[in-house]
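Subject: Structure handover

Hello,

Here is the structure for you to look through. My notes follow below it.

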Amino acid sequence: MEEPEPAAPPPRAAFSAELRRLRRQLPDCSDEMLARRASRTALPSGRRVSVNARRLGEWLNGRSVPRDVHAVLAVVRAVESAAGAPDSRLSLADWERLWRAAYEDRAAAAPGPAPAVEGTPRDVVVGRPPSDAASLRERAPLSRAIDAALSDEAVREVVLTGAGGVGKSQLAAAAFHRFRRPGGVRVWVPAASRQSVLTAYARAWRVVSGEDGGRGWDDEAQADLFVAWLRTTARTWLVVLDDVVDPADLGGLRPAGEHGRSLLTTRRRDAAVIRPSSRLVQVGTFTPGESVDYLRARLPQGQGGDRELGALAQALGHFPLALSQAAAFLIDTGMSLASYRRLLEDQRETLSDLLPATSPADEHGGTVANAFQLALERAEVLAPAGSARAVLELLSMLAPDGVPEAVLHTTAARRWINGRAATRAARDAVDGRVAVDGRVAVDGRVAVDGRVAVDRRGDGDRGGAVGGRDAPDHRDAVDRRDALDRRGDGDCGDAVDGDAPDHRDAPDHRDAVDRRDALDRRGDGDRRGAPDRRDAAGGRVAPDHRDDADRRNAPDGAPDRLAERAVLLSLRALHRLSLVTHDVVPAPASVEVHALVQRAARETVPQQARPLLATAAADALEELWSSTAESEHRPETEAALYRSVEVLRRTAAADLLRDGRMHPVLRRIGPYLAGLGRDGAARDIGRELLGQVRARLGDGHRDVLMLRCQIALAVGELGEAVAAHASLRDIRREAERILGATDPDTLAIRIQEARFQMEAGAVAAALAPLTELVGQTSEVLGTDHALVTEAQGYAALSRGLTGDPAGARDACAALVAALERRLGPGHALTLRTLADLGRWSGEAGDPAAAVEMHVRAVSGLEAVLGRLHRDTLIVRHNLAYWRGLAGDRDHAVEEFAIAAQDAERALGSDHPTTVTYRVNLAFWRGLAGDPAAAVADLARLQPLVDRVLGAEHPRALRTRQQRAELLELSGDREGATALLTALLADMIRVQGGDHSRTREVAQALARCRDRASSPR
């Protein structure tokens, strides 16, 4: 008797089984990737259909059948294309018949579980992840990091953290779809509130247990049962808790169990979120490539090339939510990329206009503006009342890529923060809210454990909820005039309750114009404190209102500690909500803020208060920069301060030209750039500033004179010493007439005039005015003042160049001793002066001492400034020179090679310093034994020198002199004589006959002629 044939599986089960068989051909391809490929696949008719990854998972598991056969055919074609071969078992017609049978059978199918596969329980999916965003980016590095964490046996919980709108939920949804295990359970939980978690858990319990939630069972009881089930079940599970606002809402509800994993998305990144078994995955902005790919896929074809799309992405800081909203805005309005970028650059436009709610982002319920407001409101709950907002306001005016934390601890910054916090507290009291121990009670409810129960019902204070999320709180802009007093005194009013610093109290530091200008002019020997706070109106010292109550009631030092603690708590609150990134390692601590967060923060400041905010930020930068000018020389701190000054200059220059002066921090730009060797940039920015300041303050203002001086210095450093001297002479005459001969700014200009008189060739003529200036600056400013040190250094240089190296050596030795007493032996200025002492010791006949002093100076400057700082490069180069003169030419060539390589790394191959070092390397290689090859090298370098510096630059003339010296050394006296003859004429015309190099050439030419005429 024959056994009966087994019954054929139901059509629906047969369809899902064949679909799973096909799916196994691409084991490394996720459902969402396959869905995207299917959506891009053209069917034989030319049609394309949209395939959703979540629906694809349901088809594979037999929970549903697609309504459209074309979706099935698209999946089949996509698999065949990726596998590189057609389906060996079924044709497209077979697939269509299989689908039709399953589709017609779907109504008769029982609503029970799908057939088990190989004896395993059915897969369970509870909850609805967000749909894939349009033009979804895979973000492969982040996806791999998430998958690796979910697969790590030591990790039980993966936390995706980042600012609102960076794509955390999309990444979590993709991981949710990828986490498909036989018989597994996946639960998607909206976690913005505790109640939403309880509701989702209760639903999950009813699904996994088969309970119907009947009488006597509430959500909380069922949620407890689900949490207990997760701990004991042998089934694999994944629970995604999306958008955790307050980690305390998860008390008793954090998933735990041996066979499962949980994945959280949150803005928070503090101890309440991170556990020992957690893996933190930081989600940031798109990479530039991802941004361009997204815009190219999202915008209509031909909307712009990669360069234009890249520029737009950069303008938006590669922020995913902003890119999505901008793309929607461009599609909706039909605006061109160029027009939209012009709107973005216009600081008068608001984010609400540029990224409006009417052009929503893909699968995101909010906008950039309200995402910022929500995060800021939550940060304010975690910090002393009003301080988090005030700190973010200050940071919004500075560089986004790293602000030294110390800026926020300056007197100026604390004045702004305390003033804004006091105003906010007073307004909260008026609104019926009472501050309790640094926290705020809302509508009579006191904050407990750093949290406030905020009424979500959309009352008048909150302005209602938008898209299920709280609307931003706009109460701190009362008629947009809340920060200013109504008295109308012509200065926009004094800040209420110390709300913001009066910009008239800003420090007045008319600094020296060279790279040591940052040193305090007061000559008091102690430059580590806060800058002089003289009122511009009459020399009155501006009162410091920091923490007056604390100062009266606390022991010595307590106010500063309390203020520092308030700033730190505010910073950490902003960091915890991913509004800023506060890095404490490596030291010194710094703060980064996304440019869009900065813009959103600035827009919350009332229009009338913005000039005061700009002044407060500039005061804080100036205070820190001046306080570290002599006590600490950290190049990374100076670089960060400069970047912030540049941001202020570009965004708030007009606000820094008030009360009849230019803010002193703007004077630092030129000297800082010159100190880095960026003289061209110093000249160009100086000219730009000069136009603005001259238009506002007039030709005869001291700031105009000082900017003209800085421009002349840059021109001189670029090789036009004669032109620089002529300009400085004219500026000095005006300064003497307007400011007086002994004004500090006039004295600084006179020193630079004498310096470039010397640089232009009149060395002997410059000695007398420099010597006179040493006495005058000492008498006016005190012997320890920076201008005195500067005049002494140039006077010593002039003395040495006029033929008195011993006198220059003695002057430098006395200066080094004074600087060691005042600043210490390890200060950069002391070390630079030590190198000068080494030079003149060598010139006076002791090259070994010159080498020893340069070795000490190089070692010290590397430790203080770094190997690639310009001062380190200069002293290392000069060390090589003195090694050569001391007879160690091989070692000298090695040092020259290092100096040239370092200069190219730090400054670039075409920088004048790099070119100079390459020339000297070639010259000393010739002196070390191969003059013919060196002559050829110098001949090849001469066009580069002429192009970079100009044919009449002293360095270009010196290169010709070095080539002539090597020709003479190699025995080609005729060639050397011809070259020296032409060179001498050019040097006399350009530098004058008294210049030391001109005299050297004249002596070499005479020597060559004498040898040529001597009988052999």
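Start with S16. This serine touches W59, L60 and G62, leaving aside residues up to four places away in sequence; contact means heavy atoms within 4.5 Å. The C-alpha atoms of S16 and L60 are separated by 5.3 Å, though the two residues are 44 apart along the chain. S16 sits in helix α1 (residues 11-23). Helices (H or I, at least four residues) and strands (E, at least two) are DSSP runs, numbered from the N terminus. S16 counts as buried because its relative accessibility is 4%. Buried means under 20% relative accessible area, exposed over 50%, and partly exposed in between (1.4 Å probe, protein chains only). A polar atom of the S16 side chain lies 3.0 Å from the backbone oxygen of A13.

A word on the source. This is a predicted model: local features need pLDDT of at least 70, side-chain atom pairs count only at pLDDT 80 or more, and totals for chains, interfaces and linings use all residues. Residues are numbered from 1 along each chain as its sequence is written, and side-chain values use heavy atoms, with hydrogens and water left out.

Next, helix α21 (residues 610-627). It has 18 residues and reaches 26 Å from its first C-alpha to its last. That is close to the 26 Å expected at 1.5 Å a residue (1.5 Å times one less than the number of residues). Of the 18 residues of α21, 17 are buried, so the helix is largely enclosed by the rest of the structure.

Now the cavities. A search of the whole structure finds ten of 30 Å³ or more. A cavity is a set of points on a 1 Å grid, over the protein atoms alone, where a 1.4 Å probe fits but cannot get out; lining residues have an atom within 4 Å of a point. The largest cavity has a volume of about 130 Å³, a volume being the space filled by probe spheres set on the points. Its lining has 14 residues, and A163, G164, F319, F372 and V597 lie nearest its centre. α15 (368-381) and α20 (595-603) are the elements that give two or more residues to this lining. The largest share, four residues, comes from α15.

Which phi value does D243 have? It is near 65 degrees, positive in a residue other than glycine. D243 lies in strand β4 (residues 237-244). D659 also has a positive phi, about 55 degrees, and is not a glycine. D659 is in the loop between α22 (635-652) and α23 (669-675). At 37% relative accessibility, D659 counts as partly exposed.

Best wishes

Notes
A polar contact is a pair of N or O atoms within 3.5 Å; within protein, one must be able to donate a hydrogen and the other to accept it, and residues adjacent in sequence count only if both atoms are side-chain atoms. On a 1 Å grid over the protein atoms alone, a cavity is a set of points where a 1.4 Å probe fits but cannot get out, and a pocket is an open set with protein on both sides within 12 Å along at least five of seven lines; lining residues have an atom within 4 Å of a point.
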